Amino acid sequence: MNQSAEVICVGTELLLGEVLNSNAQFLGQQLAELGIPHFYQTVVGDNPTRLKRVLAIACKRASLLIFTGGLGPTPDDLTTETLADFFDAPLIEQPEILADIEHKFAHRGGASPNNRKQALIPAGAKILPNPIGSAPGIIWQPYPNLTLLTFPGVPVEMQQMWQQTAIPYLRTQGWGQEIIYSRVLRFWGIAESALALKVAPLLALENPTVAPYTNQGEARLRISIRAASAQVAQEQIAPVEAQIRQLTGLDCYGADQQTLASVVGQLLQVQAETLAVAESCTGGGLGAMITAVPGSSSYFRGGIIAYDNQIKASALKVVQADLLQQGAVSATVAKQMAAGVQMQMGSTWGLSLTGVAGPGGGTESKPVGLVYLGLAKAGAAAESFEYRFSPQRGREWIRHLSACTALDQLRRKLIF
(Lines give C-alpha, C1' and ligand atoms only; values in the text may rest on other atoms or scores of the structure.)
Protein backbone atom coordinates (compact mmCIF):
# COMPACT_ATOMS: atom_id res chain seq x y z
CA MET A 1 0.00 0.00 0.00
CA ASN A 2 1.29 3.43 -0.94
CA GLN A 3 1.89 5.45 2.24
CA SER A 4 0.32 8.62 0.90
CA ALA A 5 -2.84 10.65 1.27
CA GLU A 6 -5.59 11.44 -1.20
CA VAL A 7 -8.13 14.24 -0.82
CA ILE A 8 -11.66 13.57 -2.08
CA CYS A 9 -14.01 16.55 -2.11
CA VAL A 10 -17.69 15.69 -2.46
CA GLY A 11 -20.21 18.20 -3.76
CA THR A 12 -21.94 18.98 -7.02
CA GLU A 13 -21.64 22.67 -6.18
CA LEU A 14 -17.86 22.32 -6.53
CA LEU A 15 -18.20 20.79 -10.01
CA LEU A 16 -20.55 23.59 -11.09
CA GLY A 17 -18.15 26.25 -9.87
CA GLU A 18 -20.70 27.67 -7.45
CA VAL A 19 -18.32 27.24 -4.51
CA LEU A 20 -14.55 27.75 -4.47
CA ASN A 21 -12.80 24.59 -3.29
CA SER A 22 -10.72 26.19 -0.56
CA ASN A 23 -10.79 22.94 1.44
CA ALA A 24 -8.51 21.22 -1.07
CA GLN A 25 -6.00 24.07 -0.85
CA PHE A 26 -6.05 24.03 2.95
CA LEU A 27 -5.60 20.27 3.17
CA GLY A 28 -2.80 20.33 0.58
CA GLN A 29 -0.90 22.86 2.66
CA GLN A 30 -1.53 20.97 5.89
CA LEU A 31 -0.40 17.64 4.46
CA ALA A 32 2.80 19.26 3.23
CA GLU A 33 3.48 20.71 6.68
CA LEU A 34 3.03 17.24 8.15
CA GLY A 35 5.31 15.71 5.54
CA ILE A 36 2.57 13.39 4.31
CA PRO A 37 2.95 12.57 0.59
CA HIS A 38 -0.08 13.73 -1.36
CA PHE A 39 -0.32 12.94 -5.06
CA TYR A 40 -4.01 13.09 -5.97
CA GLN A 41 -7.10 15.21 -5.38
CA THR A 42 -10.52 14.30 -6.68
CA VAL A 43 -13.77 16.25 -6.87
CA VAL A 44 -16.94 14.19 -7.26
CA GLY A 45 -20.60 15.18 -7.25
CA ASP A 46 -23.28 14.10 -4.81
CA ASN A 47 -23.78 10.73 -6.47
CA PRO A 48 -23.16 7.41 -4.66
CA THR A 49 -22.28 5.45 -7.80
CA ARG A 50 -19.61 7.90 -8.87
CA LEU A 51 -18.30 8.24 -5.32
CA LYS A 52 -17.86 4.46 -5.15
CA ARG A 53 -15.89 4.54 -8.41
CA VAL A 54 -13.62 7.20 -6.94
CA LEU A 55 -13.21 5.11 -3.79
CA ALA A 56 -12.28 1.99 -5.74
CA ILE A 57 -9.43 3.86 -7.41
CA ALA A 58 -8.28 5.78 -4.34
CA CYS A 59 -8.05 2.68 -2.15
CA LYS A 60 -5.49 1.23 -4.55
CA ARG A 61 -3.14 4.21 -4.57
CA ALA A 62 -3.32 5.79 -1.10
CA SER A 63 -3.53 4.64 2.51
CA LEU A 64 -5.06 7.82 3.93
CA LEU A 65 -8.27 9.06 2.34
CA ILE A 66 -9.56 12.47 3.44
CA PHE A 67 -13.13 13.41 2.51
CA THR A 68 -14.81 16.79 2.69
CA GLY A 69 -18.50 17.42 2.09
CA GLY A 70 -21.66 15.33 2.02
CA LEU A 71 -22.16 15.05 5.80
CA GLY A 72 -25.20 17.31 6.10
CA PRO A 73 -28.81 16.37 6.94
CA THR A 74 -30.32 16.64 3.45
CA PRO A 75 -30.95 13.74 1.03
CA ASP A 76 -28.05 14.71 -1.23
CA ASP A 77 -25.57 14.37 1.67
CA LEU A 78 -24.49 10.81 0.99
CA THR A 79 -20.83 10.48 1.97
CA THR A 80 -21.20 8.48 5.20
CA GLU A 81 -23.81 6.03 3.95
CA THR A 82 -21.92 5.52 0.67
CA LEU A 83 -18.72 4.69 2.56
CA ALA A 84 -20.62 2.25 4.77
CA ASP A 85 -22.19 0.59 1.74
CA PHE A 86 -18.88 0.40 -0.15
CA PHE A 87 -17.14 -1.34 2.76
CA ASP A 88 -20.25 -3.41 3.63
CA ALA A 89 -20.58 -2.03 7.16
CA PRO A 90 -23.88 -1.32 8.95
CA LEU A 91 -24.72 2.20 10.08
CA ILE A 92 -25.20 2.56 13.82
CA GLU A 93 -26.89 5.48 15.54
CA GLN A 94 -24.71 7.16 18.15
CA PRO A 95 -26.64 8.63 21.12
CA GLU A 96 -23.84 11.06 21.98
CA ILE A 97 -24.05 12.59 18.49
CA LEU A 98 -27.82 12.98 18.82
CA ALA A 99 -27.37 14.66 22.19
CA ASP A 100 -24.76 17.04 20.76
CA ILE A 101 -27.02 17.96 17.84
CA GLU A 102 -29.98 18.61 20.15
CA HIS A 103 -27.81 20.82 22.36
CA LYS A 104 -26.57 22.87 19.40
CA PHE A 105 -30.08 23.35 18.03
CA ALA A 106 -31.74 24.07 21.39
CA HIS A 107 -31.71 27.84 20.88
CA ARG A 108 -33.27 27.37 17.43
CA GLY A 109 -36.28 25.38 18.54
CA GLY A 110 -34.68 21.94 18.36
CA ALA A 111 -33.13 19.82 15.65
CA SER A 112 -34.97 18.74 12.51
CA PRO A 113 -35.82 15.04 12.06
CA ASN A 114 -33.43 15.17 9.09
CA ASN A 115 -30.54 15.81 11.46
CA ARG A 116 -30.97 12.31 12.86
CA LYS A 117 -29.12 10.84 9.88
CA GLN A 118 -26.01 12.74 11.03
CA ALA A 119 -25.88 10.49 14.10
CA LEU A 120 -25.38 7.38 11.93
CA ILE A 121 -21.79 6.19 11.50
CA PRO A 122 -20.36 2.89 10.19
CA ALA A 123 -19.77 0.08 12.68
CA GLY A 124 -16.17 0.24 13.91
CA ALA A 125 -15.71 3.94 13.09
CA LYS A 126 -14.84 6.56 15.68
CA ILE A 127 -16.43 9.97 15.92
CA LEU A 128 -14.41 12.93 14.65
CA PRO A 129 -16.03 15.70 16.74
CA ASN A 130 -17.33 18.91 15.18
CA PRO A 131 -17.11 21.67 17.83
CA ILE A 132 -19.04 24.17 15.69
CA GLY A 133 -21.58 22.50 13.41
CA SER A 134 -24.02 19.63 13.58
CA ALA A 135 -22.15 17.28 11.23
CA PRO A 136 -19.44 15.18 12.92
CA GLY A 137 -16.90 13.32 10.86
CA ILE A 138 -15.50 9.85 11.30
CA ILE A 139 -12.12 8.24 11.77
CA TRP A 140 -12.33 4.75 10.33
CA GLN A 141 -10.01 1.91 9.40
CA PRO A 142 -12.30 -0.37 7.40
CA TYR A 143 -9.34 -2.69 6.93
CA PRO A 144 -5.62 -2.67 7.80
CA ASN A 145 -3.43 -0.04 6.12
CA LEU A 146 -6.37 2.14 5.12
CA THR A 147 -7.59 5.11 7.15
CA LEU A 148 -10.57 7.30 6.28
CA LEU A 149 -11.19 10.76 7.71
CA THR A 150 -14.39 12.62 6.85
CA PHE A 151 -15.15 16.31 7.34
CA PRO A 152 -18.06 18.60 6.53
CA GLY A 153 -17.65 20.89 3.54
CA VAL A 154 -17.95 24.11 5.57
CA PRO A 155 -14.33 25.38 5.67
CA VAL A 156 -14.34 26.83 9.18
CA GLU A 157 -15.76 23.59 10.60
CA MET A 158 -13.38 21.38 8.64
CA GLN A 159 -10.33 23.42 9.67
CA GLN A 160 -11.12 23.29 13.39
CA MET A 161 -11.78 19.56 13.24
CA TRP A 162 -8.50 19.06 11.39
CA GLN A 163 -6.47 21.08 13.87
CA GLN A 164 -8.11 19.82 17.07
CA THR A 165 -8.53 16.12 16.31
CA ALA A 166 -7.11 14.95 12.98
CA ILE A 167 -3.54 16.18 13.40
CA PRO A 168 -3.07 14.68 16.88
CA TYR A 169 -4.62 11.42 15.70
CA LEU A 170 -2.39 11.18 12.63
CA ARG A 171 0.71 11.80 14.70
CA THR A 172 -0.21 8.94 17.06
CA GLN A 173 -0.50 6.69 13.98
CA GLY A 174 3.01 7.48 12.80
CA TRP A 175 2.13 10.07 10.19
CA GLY A 176 3.88 13.43 10.12
CA GLN A 177 7.31 12.34 11.33
CA GLU A 178 8.91 14.59 8.72
CA ILE A 179 7.82 17.79 7.06
CA ILE A 180 7.69 18.92 3.46
CA TYR A 181 9.09 22.43 3.53
CA SER A 182 8.90 24.83 0.61
CA ARG A 183 10.38 28.21 -0.13
CA VAL A 184 9.06 30.16 -3.12
CA LEU A 185 11.32 32.63 -4.92
CA ARG A 186 9.45 35.31 -6.87
CA PHE A 187 10.55 36.99 -10.11
CA TRP A 188 9.39 39.90 -12.24
CA GLY A 189 10.59 40.89 -15.68
CA ILE A 190 11.54 37.40 -16.82
CA ALA A 191 9.35 34.76 -18.45
CA GLU A 192 8.98 31.31 -16.91
CA SER A 193 10.69 29.70 -19.91
CA ALA A 194 13.70 32.03 -19.72
CA LEU A 195 13.92 31.51 -15.97
CA ALA A 196 13.88 27.73 -16.41
CA LEU A 197 16.80 27.97 -18.85
CA LYS A 198 18.86 30.01 -16.40
CA VAL A 199 18.46 27.46 -13.62
CA ALA A 200 18.19 24.34 -15.81
CA PRO A 201 20.77 22.20 -13.92
CA LEU A 202 18.92 22.75 -10.64
CA LEU A 203 15.62 21.46 -12.03
CA ALA A 204 17.07 17.94 -11.94
CA LEU A 205 17.63 17.97 -8.16
CA GLU A 206 15.67 15.39 -6.16
CA ASN A 207 15.82 16.60 -2.55
CA PRO A 208 15.41 19.51 -2.56
CA THR A 209 13.45 19.80 -5.77
CA VAL A 210 13.19 23.01 -7.81
CA ALA A 211 10.09 23.63 -9.93
CA PRO A 212 9.10 26.69 -12.00
CA TYR A 213 5.57 28.04 -12.38
CA THR A 214 3.78 31.32 -13.04
CA ASN A 215 1.11 33.27 -11.24
CA GLN A 216 -0.50 36.59 -12.19
CA GLY A 217 2.30 37.57 -14.54
CA GLU A 218 5.22 36.69 -12.32
CA ALA A 219 7.50 33.69 -12.57
CA ARG A 220 8.21 31.61 -9.48
CA LEU A 221 10.57 28.88 -8.40
CA ARG A 222 9.45 26.56 -5.62
CA ILE A 223 12.24 24.86 -3.68
CA SER A 224 10.83 21.91 -1.71
CA ILE A 225 12.50 19.44 0.61
CA ARG A 226 11.56 16.61 2.94
CA ALA A 227 13.33 17.04 6.26
CA ALA A 228 13.10 16.27 9.95
CA SER A 229 12.40 19.88 10.92
CA ALA A 230 11.97 23.37 9.51
CA GLN A 231 15.44 24.32 10.70
CA VAL A 232 17.07 21.39 8.91
CA ALA A 233 15.04 22.16 5.78
CA GLN A 234 16.07 25.81 5.78
CA GLU A 235 19.73 24.90 6.19
CA GLN A 236 19.60 22.51 3.24
CA ILE A 237 17.62 24.87 1.02
CA ALA A 238 19.85 27.90 1.70
CA PRO A 239 22.71 27.00 -0.68
CA VAL A 240 20.27 26.19 -3.48
CA GLU A 241 18.50 29.50 -2.98
CA ALA A 242 21.84 31.35 -2.97
CA GLN A 243 22.79 29.71 -6.27
CA ILE A 244 19.43 30.64 -7.84
CA ARG A 245 19.75 34.25 -6.72
CA GLN A 246 23.24 34.42 -8.19
CA LEU A 247 22.04 33.02 -11.51
CA THR A 248 19.01 35.27 -11.77
CA GLY A 249 20.27 38.57 -10.34
CA LEU A 250 17.78 41.42 -10.04
CA ASP A 251 14.99 39.43 -11.64
CA CYS A 252 14.44 37.78 -8.25
CA TYR A 253 12.61 40.38 -6.21
CA GLY A 254 11.64 38.39 -3.12
CA ALA A 255 10.42 35.17 -1.55
CA ASP A 256 7.36 33.56 -0.01
CA GLN A 257 4.80 36.19 1.08
CA GLN A 258 6.75 39.20 -0.13
CA THR A 259 5.18 41.30 -2.89
CA LEU A 260 6.63 43.90 -5.22
CA ALA A 261 4.87 46.55 -3.14
CA SER A 262 6.25 45.26 0.16
CA VAL A 263 9.80 45.00 -1.22
CA VAL A 264 9.63 48.54 -2.64
CA GLY A 265 8.33 49.73 0.72
CA GLN A 266 11.23 48.13 2.58
CA LEU A 267 13.75 49.75 0.22
CA LEU A 268 12.12 53.17 0.63
CA GLN A 269 12.17 52.84 4.41
CA VAL A 270 15.81 51.80 4.52
CA GLN A 271 16.76 54.77 2.36
CA ALA A 272 14.42 57.16 4.22
CA GLU A 273 12.70 58.11 0.96
CA THR A 274 9.09 58.67 0.00
CA LEU A 275 6.84 57.98 -2.97
CA ALA A 276 3.82 59.49 -4.72
CA VAL A 277 2.00 58.15 -7.77
CA ALA A 278 0.04 59.58 -10.69
CA GLU A 279 -2.27 57.16 -12.48
CA SER A 280 -4.37 57.25 -15.58
CA CYS A 281 -5.01 53.80 -17.10
CA THR A 282 -4.67 51.94 -13.78
CA GLY A 283 -7.28 54.10 -12.07
CA GLY A 284 -5.83 53.81 -8.56
CA GLY A 285 -4.66 50.20 -8.82
CA LEU A 286 -1.03 51.13 -8.23
CA GLY A 287 -1.88 53.10 -5.11
CA ALA A 288 -4.04 50.23 -3.88
CA MET A 289 -1.11 47.80 -4.17
CA ILE A 290 1.16 50.16 -2.24
CA THR A 291 -1.31 50.88 0.56
CA ALA A 292 -2.17 47.19 0.95
CA VAL A 293 1.17 46.91 2.79
CA PRO A 294 0.86 47.60 6.54
CA GLY A 295 2.91 50.64 7.54
CA SER A 296 2.99 52.12 4.04
CA SER A 297 1.99 55.52 5.46
CA SER A 298 5.59 55.95 6.56
CA TYR A 299 6.81 56.25 2.97
CA PHE A 300 3.77 56.72 0.71
CA ARG A 301 2.64 60.34 0.41
CA GLY A 302 -0.41 59.77 -1.79
CA GLY A 303 -1.57 59.69 -5.38
CA ILE A 304 -3.53 61.48 -8.05
CA ILE A 305 -5.85 59.64 -10.42
CA ALA A 306 -5.67 61.88 -13.48
CA TYR A 307 -8.00 60.12 -15.88
CA ASP A 308 -9.11 63.22 -17.74
CA ASN A 309 -6.62 65.37 -19.66
CA GLN A 310 -7.83 68.51 -17.87
CA ILE A 311 -6.84 66.93 -14.55
CA LYS A 312 -3.45 65.97 -15.96
CA ALA A 313 -2.93 69.60 -16.87
CA SER A 314 -4.34 71.24 -13.74
CA ALA A 315 -3.31 68.80 -11.00
CA LEU A 316 -0.05 67.48 -12.46
CA LYS A 317 1.02 70.51 -14.54
CA VAL A 318 1.27 68.53 -17.78
CA VAL A 319 1.75 70.95 -20.69
CA GLN A 320 -1.48 71.33 -22.66
CA ALA A 321 0.38 71.54 -25.97
CA ASP A 322 2.03 68.15 -25.30
CA LEU A 323 -1.32 66.59 -24.51
CA LEU A 324 -2.71 67.90 -27.80
CA GLN A 325 0.29 67.11 -29.99
CA GLN A 326 1.59 63.84 -28.51
CA GLY A 327 -1.47 62.58 -26.68
CA ALA A 328 -2.00 61.46 -23.11
CA VAL A 329 -0.41 58.09 -23.91
CA SER A 330 3.12 59.22 -24.61
CA ALA A 331 6.57 59.22 -23.08
CA THR A 332 6.52 62.99 -22.66
CA VAL A 333 3.25 63.02 -20.73
CA ALA A 334 4.35 60.07 -18.54
CA LYS A 335 7.49 61.98 -17.53
CA GLN A 336 5.54 65.14 -16.78
CA MET A 337 2.97 63.21 -14.73
CA ALA A 338 5.74 61.64 -12.62
CA ALA A 339 7.54 64.95 -12.12
CA GLY A 340 4.25 66.70 -11.40
CA VAL A 341 3.10 64.34 -8.67
CA GLN A 342 6.57 64.33 -7.12
CA MET A 343 6.50 68.11 -6.89
CA GLN A 344 2.88 68.33 -5.74
CA MET A 345 3.32 65.74 -2.99
CA GLY A 346 6.84 66.75 -1.97
CA SER A 347 8.04 63.15 -2.23
CA THR A 348 11.44 61.75 -3.13
CA TRP A 349 10.02 59.76 -6.02
CA GLY A 350 7.16 60.20 -8.43
CA LEU A 351 5.82 57.23 -10.39
CA SER A 352 3.26 57.52 -13.19
CA LEU A 353 1.27 55.32 -15.57
CA THR A 354 -0.61 56.24 -18.71
CA GLY A 355 -1.74 53.84 -21.41
CA VAL A 356 -4.46 52.15 -23.42
CA ALA A 357 -5.99 49.39 -21.29
CA GLY A 358 -8.79 48.61 -23.75
CA PRO A 359 -10.84 46.90 -24.83
CA GLY A 360 -11.45 49.88 -27.11
CA GLY A 361 -9.58 53.11 -27.67
CA GLY A 362 -6.58 51.67 -29.46
CA THR A 363 -5.22 52.95 -32.77
CA GLU A 364 -2.57 51.71 -35.19
CA SER A 365 0.06 53.94 -33.62
CA LYS A 366 -1.20 53.48 -30.07
CA PRO A 367 -2.70 49.99 -29.80
CA VAL A 368 -4.41 48.46 -26.80
CA GLY A 369 -1.70 47.34 -24.38
CA LEU A 370 0.62 50.30 -25.01
CA VAL A 371 1.64 51.73 -21.63
CA TYR A 372 4.12 54.43 -20.64
CA LEU A 373 5.68 54.53 -17.20
CA GLY A 374 7.19 57.73 -15.84
CA LEU A 375 9.74 57.88 -13.04
CA ALA A 376 10.98 61.07 -11.44
CA LYS A 377 13.31 61.71 -8.51
CA ALA A 378 13.66 65.02 -6.76
CA GLY A 379 16.54 66.96 -8.29
CA ALA A 380 16.93 64.69 -11.34
CA ALA A 381 15.46 64.55 -14.82
CA ALA A 382 12.39 62.34 -15.21
CA GLU A 383 12.58 59.12 -17.23
CA SER A 384 10.00 57.17 -19.19
CA PHE A 385 9.67 53.53 -20.19
CA GLU A 386 7.50 52.02 -22.91
CA TYR A 387 5.74 48.65 -22.59
CA ARG A 388 3.47 46.76 -24.96
CA PHE A 389 1.35 44.23 -23.13
CA SER A 390 -0.69 41.63 -24.96
CA PRO A 391 -4.31 42.79 -25.38
CA GLN A 392 -5.62 39.22 -25.58
CA ARG A 393 -5.73 38.83 -21.79
CA GLY A 394 -8.05 41.80 -21.38
CA ARG A 395 -8.28 45.13 -19.64
CA GLU A 396 -7.70 44.05 -16.04
CA TRP A 397 -4.65 42.03 -17.06
CA ILE A 398 -3.06 45.07 -18.69
CA ARG A 399 -3.81 47.21 -15.65
CA HIS A 400 -2.35 44.60 -13.31
CA LEU A 401 0.84 44.18 -15.36
CA SER A 402 1.21 47.95 -15.60
CA ALA A 403 1.05 48.50 -11.85
CA CYS A 404 3.41 45.60 -11.08
CA THR A 405 5.88 46.67 -13.73
CA ALA A 406 5.91 50.21 -12.34
CA LEU A 407 6.78 48.88 -8.89
CA ASP A 408 9.45 46.63 -10.35
CA GLN A 409 11.04 49.50 -12.26
CA LEU A 410 11.20 51.57 -9.09
CA ARG A 411 12.61 48.59 -7.18
CA ARG A 412 15.48 48.28 -9.62
CA LYS A 413 16.20 52.00 -9.39
CA LEU A 414 16.23 51.89 -5.60
CA ILE A 415 18.74 49.04 -5.57
CA PHE A 416 21.11 51.03 -7.74
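**Aromatic contacts in the predicted model**

Phe86, Phe87, Trp140 and Tyr143 come together as one aromatic cluster. The structure is a predicted model, and a look through its rings turns up 5 aromatic pairs. Take Phe87 and Trp140: their ring centres are 5.5 Å apart and the planes meet at 80°, so this pair goes down as edge-to-face, the label for angles over 60 degrees. The two partners are 53 residues apart, and their pairing ties together distant parts of the chain. Phe87 sits in the loop between α4 (79-86) and β4 (91-93), while Trp140 belongs to strand β7 (residues 137-143). Phe87 has a relative accessibility of 16%, so it counts as buried, the cut-off being under 20%. Trp140 comes in at 4%, so it is buried too.

Another pair is made by Phe151 and Trp162. Here the ring centres lie 6.0 Å apart with the planes at 50°, so the arrangement is called tilted.

Arg61 places its charged end over the ring of Tyr40, 3.7 Å from the ring's centre. Arg393, for its part, lies over the face of Trp397, and the distance to that ring centre is 3.8 Å.

Definitions and conventions:
Residues numbered from 1 in each chain as written. Predicted model: local features only at pLDDT ≥ 70, side-chain atom pairs only at ≥ 80, totals over all residues. Heavy atoms only, no water. Phe/Tyr/Trp six-rings, centres within 6.5 Å; stacked < 30°, edge-to-face > 60°. Helix = DSSP H or I, 4+ residues; strand = E, 2+ residues; numbered from the N terminus. Buried < 20%, exposed > 50% of the residue type's maximum accessible area, 1.4 Å probe, protein only. Lys NZ or Arg CZ within 6 Å of the ring centre and 35° of its normal.
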